[in-house]
Amino acid sequence: MDIYFIVCLLALGAFTGFFAGLFGIGGGGIMVPVLTMLFVHYQFPAEHIVHIALATSMAAIVPTAIASLRAHHQHRAVLWSVVIKITPGILAGTFAATFLASYLSAKPLAIFFSCFMAVVALQMTLNRKPHPARQLPATLAVSAVGSGIGAISALVAIGGGTLTVPFLVWCNVALPVAIGTSAAVGLPIALAGATGYAINGWGAADLPDYTLGYIFWPAVLAMAAMSFITAPVGAKLAHRLPIALLKKLFALLLIGLSVQMLVTVFGR
């Protein structure tokens, strides 16, 4: 690793943390495509580039999820009964999806990631929220929903907020509590995803140095360290900046990064 690589990782962590604090989102939409481009530049093995990017992003979410969970718990904004019900499905779905991701090649993973991020970007632009329609279903149904949320989250390396929050709001959970509960759910998603990618990458051929399975630890440490610094800054500015305009610009950024990821993967 050279100094340029380290500076890029630190900058990526700072950028991701700032927007995570500003919009209350996970950083997979930024981390995965940028890491993919960096890994291509530094000639990581082509067949594992997207897997390493997904795994590294998922591992980097763990410390951010812990900090977010604590903050929301202090504000009494976490429905722990829901967290308990949904976590078994979250763990199963996330962990199982890492096996599917490891089986797939880089190209279908890149396509799925880009399509999903396009949907997220559209949702951010339109700012549509589901209308409360019903109460939370029974435990088994909540766990089944958690399996789906976990599986998609593992395939695109997100904390699940873009899926968990709309589901909880649809079930008549107040938005602040839905956000807090989603933050708590993000921890088992990140832990199961990181563990699954570490196991699936164990013994894979031609992985770069400093990896545990598919997780590239220098990137995890650099991004996590900087995001802890910049996330509070973004959170403080959330009430001072024109968030509606910034969300639209951020949505364009997500689309641009996703398209660039496709170009990077298919252009090899």
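Reader: Hi! Let's start with Ser227: is Ser227 buried or exposed?
Author: Hello! Ser227 is buried, as its relative accessible area is 8%, under the 20% cut-off. Keep in mind that this is a predicted model.

Reader: Thanks. Where is the place of Ser227?
Author: Ser227 sits in helix 9, which covers residues 217-237.

Reader: And which residues does Ser227 touch?
Author: Setting aside residues up to four places away in sequence, Ser227 touches Gly13, Gly17, Thr64 and Pro232.

Reader: Nice. Switching topic: where does Pro45 lie?
Author: Pro45 is in the loop between helix 2 (28-41) and helix 3. Pro45 is buried too, with a relative accessible area of 13%.

Reader: What is Pro45 in contact with, leaving aside neighbours within four places in sequence?
Author: Those contacts are Asp206, Leu207 and Pro208.

Reader: How many residues apart in sequence are Pro45 and Asp206?
Author: They are 161 residues apart in sequence, while their C-alpha atoms are 6.5 Å apart in space.

Reader: OK, on to the helices. At what angle do helix 4 and helix 8 pack?
Author: Helix 4 (residues 80-103) and helix 8 (residues 175-200) pack at about 30°, and their axes are 8 Å apart. Angles under 35 degrees count as roughly parallel, so helix 4 and helix 8 are roughly parallel to each other.

Reader: What kinds of residues make up the contact of helix 4 with helix 8?
Author: The contact has 16 nonpolar residues, 9 polar and no charged.

Reader: What about helix 7 and helix 8, how do their axes cross?
Author: The axes of helix 7 (residues 161-170) and helix 8 cross at roughly 140° and come within 9 Å. That makes helix 7 oblique to helix 8.

Reader: Which residues in helix 7 and helix 8 meet?
Author: From helix 7 there are Gly161, Thr164, Val165, Leu168 and Val169, and they meet Leu175, Ala178, Ile179, Thr181, Ser182 and Val185 of helix 8. This contact of helix 7 with helix 8 divides into 7 nonpolar residues, 4 polar and no charged.

Reader: Last topic! How many residues has the largest nonpolar core?
Author: It has 71 residues, and Ile30, Leu35 and Phe39 have the most contacts inside it. Helix 3 (residues 49-74) gives the largest share of this core, 13 residues. Apart from it lies another core of 8 residues, including Val165, Val169, Cys171 and Ala178.

Reader: And what does Ile30 touch, not counting residues up to four places away in sequence?
Author: Ile30 touches Leu12, Phe15, Thr16, Phe19, Phe250, Leu254 and Leu257.

Terms used. Residues numbered from 1 in each chain as written. Predicted model: local features only at pLDDT ≥ 70, side-chain atom pairs only at ≥ 80, totals over all residues. Heavy atoms only, no water. Axes fitted to C-alpha atoms, helices over the stretch in contact; angles between N-to-C directions. Helix = DSSP H or I, 4+ residues; strand = E, 2+ residues; numbered from the N terminus. Parallel < 35°, antiparallel > 145°, perpendicular 65-115°, else oblique. Nonpolar A, V, L, I, M, F, W, Y, C, P; charged D, E, K, R; others polar. Core = buried A, V, L, I, M, F, W, Y, C linked by side-chain atoms within 4.5 Å. Buried < 20%, exposed > 50% of the residue type's maximum accessible area, 1.4 Å probe, protein only. Contact = heavy atoms within 4.5 Å.
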